[in-house]
Amino acid sequence: MTPRRARCPRWAAGWLPWCHASYSLDDARAWVAYCEQGWANAEDFAFAVFDDRNGELLGGVGLNQRNPMHRSANLGYWVRQSRQGEGIAARAASLVARFGFEQLGLIRIEIVTLPDNGASQRTAENIGAKFETLARHRLWVRGQPMDGVVHALIRADMT
């Protein structure tokens, strides 16, 4: 089998800085190594999401920016374009949020999105997260500060 270069859909590139046209097999290997180190350091917890019927990669979800002192972390997720709108992100995010509360002892999980990412904001609300604010210059995206829509989830919010 010959590896093919993964193509990042245009919709994702605006919200996922790692998703770019020149994403290579070496980039993927570096990401896997980064994820392994995150688990080893108990700082970042990335999960791949697969279709249990055929093994197709559907997306990814993870907890990052863990703050042990305040028992909080950020939750992020993405789903491949061909499978969006099926509730995959909400199911995966809900499972990983439960992992965060039950296994990591988190008391707060934040979901921070760019203002025009309505799909991710709806996913946050679908898993019970509450809108809190539009935080000025909360994100650093493609070399510039961007505002972020902040949703937060506490254990009592889980639906």
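Helices (H or I, at least four residues) and strands (E, at least two) are DSSP runs, numbered from the N terminus. Residues are numbered from 1 along each chain as its sequence is written. This is a predicted model: local features need pLDDT of at least 70, side-chain atom pairs count only at pLDDT 80 or more, and totals for chains, interfaces and linings use all residues, while side-chain values use heavy atoms, without hydrogens and water.

**Stop 1: confidence.** Color by pLDDT, the predictor's confidence in each residue, from 0 to 100. The protein averages 86, and 85% of the residues score at least 70. Strand 4 (residues 108–113) has the highest confidence, at 98; helix 1 (residues 10–13) has the lowest, at a mean of 45. Residues 1–13 have pLDDT below 50, with 17 contacts (heavy atoms within 4.5 Å) beyond near neighbours in sequence. Where pLDDT is low, the predicted coordinates should not be read in detail.

**Stop 2: helix 3.** Select residues 88–103. Just after the helix, find G105, with a positive phi of about 75°.

Stop 3: Select strand 5 (residues 130–141) and strand 6 (residues 144–153). They pair antiparallel over 8 bridges (DSSP must find at least two for a pair). F131 faces H151 across the pairing. Two residues separate the strands, and R142 in the turn has a positive phi of about 50°.
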